[in-house]
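Reader: I am new to this structure. Please pick one part and look at it closely. Then show me what surrounds it.

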Amino acid sequence: MGRLGNWLLAERGRLFPWVPVCMAVGIGIWLSWPGEPWLAYWGAFGLALAGALVWLSPLAVWQPAGAAVLAAAMGFLLAGARSDLVAAPVLGFRYYGPVEGRVIDIDRSQSDQLRLTLDRVVLERVPPDRTPGRVRVSLHGVQGFFDPQPGMRLMMTAHLSPPEGAVEPGGFDFQRLAWFRGLGAVGYTRTPALAQSPPGLWDAQVARMRMYLSAALQAAIPGEPGAFAAAMMTGDRSGMGAEAVQALRDSSLYHLVSISGVHMGLLAAFVFGALRGGLALIPPLALRIPARKVAAVVALAVAAVYLVLSGGDVATTRAFVMVALMLGAVLLDRRAISLRSVAMAAVVIMLVQPEAVAEPGFQMSFAATAALVSGFELFNRLAPPGRLPGWLRPVAVLLLSSVLAGFASAPFAAVHFNRFTDYGLVANLLASPLMGVLVMPAAVLSAVLAPLGLAAPVLWLLELGTGAILAIARMVAGWEGAVTMIASPAPWVLPVMGLGGAALVLLRGRARAAGLLPVLAALLLWHGDRPVLLIASDGGLAGLMGPEGRALSTPRGNGFAARTWLENDGDPAGQEGAAARPGFSGAKGDRRFALAGVRGAVLTGKSAPDRLPAVCAEVDLVVIAARLAQPPPAGCRVIDQTRLARTGPLAIRPNGQGGLVIHATRPLSPRRWSGMAPAPGTADIDWTAPMPQVAEAKPRPPLVQDRQPSAPDSRPTGQARPKQVTVARPAGETAQTALRSAEASARRSGDTCTALRCGAVKDGPPKPAVRSNLALAAAKDQAERRITPANFR
């Protein structure tokens, strides 16, 4: 301990940045724990107590070790406490029927459809203690009969389902993300959503203000430049089209849309500099008041308003804490920017949202910020002010900023998004000056001048800047080889690389070389062992790795799983292209494959159970997209939807002995967000031995009976858009009763389509006994479409 102890004593006072690193280790252990760690909480509490005693002991050499143990144990306990605080009902079955709720968030889904998050949810015949606190619904089909606003209560007929888990073992777990966000169900509707009541006076005032400002900006600046400006200034990205978003992602400029350190820093810097310079122009004030501190207070207030208005996600909160610490240091005449302030921002976020450690936004944001602070400390030592020519220093600062932020965040982007933007540095070098010199100043000035009606010239400059950034994004994204797909690494790569990167940034002198070893090891051993065979959660899709890449059993269906599998393979192909690869043979509904001498089949379609005995006589393993009502033929190894409901998606690999080993996505001991555990004997099965059977579970009776509609109520082509109808439901009346009452009222008044069920009152002669388009479309959708995770994202 002699040399290490001397080093620890020399580093005293500079070890605080390691506190969030140790906390993140504890949180990561909790998140990856196999099952709920009920007993481990006592162990973590004991470690925290022991660490605190060592930290407070007079043994100075051991104090850093005690503090590290205490921080890691506290991270573990904080994560568990946070899970208990956010615990809320999760829908335990697939639901189809009336849904009521209050809008609290508006965004867009991956399919570029408007998506609403609702709270105060009411589901037909679902008791309150089983009703999710929040649901998220994508609006498909004919919509637009009203403009959704935060605080507005809506009614709709929707498909809802519990949040789906990972599509393969070790993949992204949407169930966990939904648990911590309070989402108890996700789904979609293909029929018109209806406005039940307008927002109350005090309902979601901040969100309504955000949407109001966003709408005003998009009205003043039409098209994608206005949507870009609204996203940058208010955090509302619902107006941005899929093409623009994809171009920004492919050019590594999407961070300019997400409110983060760039926006918060530029905003605070502009307000601080403008106010300080303005006060300096007034000598009587400049001589009597501390202009720097007044400017710091005003800039901090503006940044706080920006934080509240934007919604306060992880990147924005981190940026605000950094800005607050920087401006607080100005008020106290202390050093404004340091790794200590970055560490304090990380600690604040982990105290409030420890689960954010696993999210890419947290990892990329803090990696880039820490690299910038550490890199510029070294830059200022090597090239202090005055050593470089005046015109060269800004260029060097811009180049160094882009290089440091880009390379620090690139590994995390590669792990989470399976892509590397080859020309991201070029795009950022072109767009960053526009953002700092034109866009952000114009945004601030437009906010100041808009109440006076003088914002038109500044909004023109804002449109010019945002349009130029979008043009740069499209140009760079269109270059050949703009994006390189990267396969998902082994699970240990990300934590090892993160710890190595922390050592590179936080250690000083020759000790930094210790961080190079884990980083290089993670990069050299990046590629993990991808599963040879993957099976989707409903058995309707399988993916077999072959010499040309992963072949898929069907060109349509389970689109989200197919896209995720291919991305994790680092494969840019689409589902149809992958389905055309060699690997599967046979007709649609009966796809055959071979793996390590095992003959297999994937059966789909309504007649799949009837075809099972004949197929079992020809193959060794059958994957069937159905629930078997009776046991399969003797000796037939079958994976059906009953088994998959317990295991989740499956990954299968050869065991090297002529057999196969299956790995289940769901752990044997489930976490609170993962639902039921696999049945005994269904996880990690060695198929060289007989595979145990799973007893057939009795189907749950439906909680909502579907109504069979009659002929559709169609509107002739070219007829005027239906009028919007807002229906208020009397207190105590159920949603279904309100629907029937509105239908009867509409028939008595001579309307051809019911107000609530169709969402509009149509003109024209009455048609008796016409049921709603809403019910017909929903019933037809339920009968003819398969519900897959792609419908819910």
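Author: What follows is a close look at one helix, then at its surroundings. This is a predicted model, in which local features need pLDDT of at least 70, side-chain atom pairs count only at pLDDT 80 or more, and totals for chains, interfaces and linings use all residues. Residues are numbered from 1 along each chain as its sequence is written, and side-chain values use heavy atoms, without hydrogens or water.

Helices (H or I, at least four residues) and strands (E, at least two) are DSSP runs numbered from the N terminus. α17 has 22 residues and should span 32 Å at 1.5 Å a residue; its end C-alpha atoms lie 31 Å apart, which agrees. That expected span is 1.5 Å times one less than the number of residues.

Now its two sides. The buried residues (under 20% relative accessible area; exposed is over 50%, partly exposed in between, with a 1.4 Å probe and protein chains only) include Leu 462, Ile 469, Ile 472 and Ala 473. Down the axis of α17, the buried residues fall within an arc of 155 degrees, so they line one face. The arc is taken from the directions from the helix axis to the C-beta atoms. The face turned away from the buried side carries exposed Ala 456, Pro 457 and Trp 460.

What does the buried side meet? The buried residues of α17 pack against α6 (205-220), α7, α8 and α16.

Follow Leu 253. Contact means heavy atoms within 4.5 Å. Leaving aside neighbours within four places in sequence, Leu 253 touches Ile 469, Ile 472 and Ala 473, among others. Ser 252 sits in the loop between α8 and α9. Its phi is near 65 degrees, positive in a residue other than glycine. Ser 252 is partly exposed, at 25% relative accessible area.

A last word on confidence. pLDDT is the predictor's confidence in each residue, from 0 to 100. The chain averages 81, and 82% of residues score at least 70. Over residues 677-793 pLDDT stays under 50. Where pLDDT is low, predicted coordinates should not be read in detail.
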